[in-house]
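Please read the following report alongside the sequence and the 3D structure.

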Amino acid sequence: MNRFALALILAAIPALAAAQAPITPADLLANGARYDGKSVTVSGTVGHVDHKTSRRGNPYTTFDLCAGASCIHVFEFGAATVSEGATATLTGTYSVEKHEGSAVYHNELDVEGSG
């Protein structure tokens, strides 16, 4: 490998690491347009956990992920293993506004669950 190629690879490593560094719900809410429709990693405290089953019989969980007074809503297919008051770091697709049929969800992180 030549020196130029090695320099390019080494220069890209910090950018890749920063792209997946966890952000807070406050950072996400303050910069929603920047993250809308993108994969993000968010850290915060779990609250309002609600385990549900869809009309088709599929389990899913909804909860809030907060840092101070800033909270986002989280949707996860499957039986999520989060608990009230726990600290969690989650990766998923963020939506400022998500339309599902006639329902509209704001500031939601969709994470891939355990199915």
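The report covers strand pairing, the nonpolar core, the aromatic rings and the disulfide.

This is a predicted model, in which local features need pLDDT of at least 70, side-chain atom pairs count only at pLDDT 80 or more, and totals for chains, interfaces and linings use all residues. Residues are numbered from 1 along each chain as its sequence is written, and side-chain values use heavy atoms, with hydrogens and water left out.

**Strands.** Strands are DSSP runs of E with at least two residues, numbered from the N terminus, and two of them pair if DSSP finds at least two bridges between them. β4 and β5 are antiparallel, with eight bridges; one of the partners across this pairing is Asp-110 in β5, bridged to Thr-93. The two strands form a hairpin with two residues between them, and Gly-101 in the turn has a positive phi of about 65 degrees. β3 and β5 run parallel and are joined by four bridges. Glu-76 has Val-111 in β5 as its bridge partner.

**Core.** A nonpolar core is a set of buried Ala, Val, Leu, Ile, Met, Phe, Trp, Tyr and Cys residues joined through side-chain atoms within 4.5 Å. The largest one here has 17 residues, and Leu-28, Val-42, Leu-65, Leu-90 and Leu-109 have the most contacts inside it. Two or more residues come from each of β1 (39-53), β2 (59-67), β3 (70-77), β4 (87-100) and β5 (103-111). Leaving aside neighbours within four places in sequence, Leu-109 is in contact (heavy atoms within 4.5 Å) with residues including Val-40, Val-42, Ile-72, Phe-75 and Leu-90.

**Aromatic rings.** Rings of Phe, Tyr and Trp (its six-membered ring) pair if their centres lie within 6.5 Å; planes under 30 degrees apart are stacked, over 60 edge-to-face and the rest tilted. The whole structure holds two aromatic pairs. Phe-75 and Phe-77 form an edge-to-face pair, 4.9 Å centre to centre with 85 degrees between the planes. Lys-98 lies over the face of Phe-75, 5.6 Å from the ring centre; the criterion is NZ of Lys or CZ of Arg within 6 Å of the centre and within 35 degrees of the ring normal.

**Disulfide.** A disulfide is a pair of cysteine sulfur atoms within 2.5 Å. One is found, in a search of the whole structure: Cys-66 to Cys-71, S to S 2.0 Å. The S-S torsion is about 110 degrees, so this disulfide is right-handed.

The table gives relative accessible area (buried under 20%, exposed over 50%, partly exposed in between; 1.4 Å probe, protein chains only).

| Residue | Relative accessible area | Class |
|---|---|---|
| Cys-66 | 15% | buried |
| Cys-71 | 32% | partly exposed |
| Phe-75 | 17% | buried |
| Phe-77 | 49% | partly exposed |
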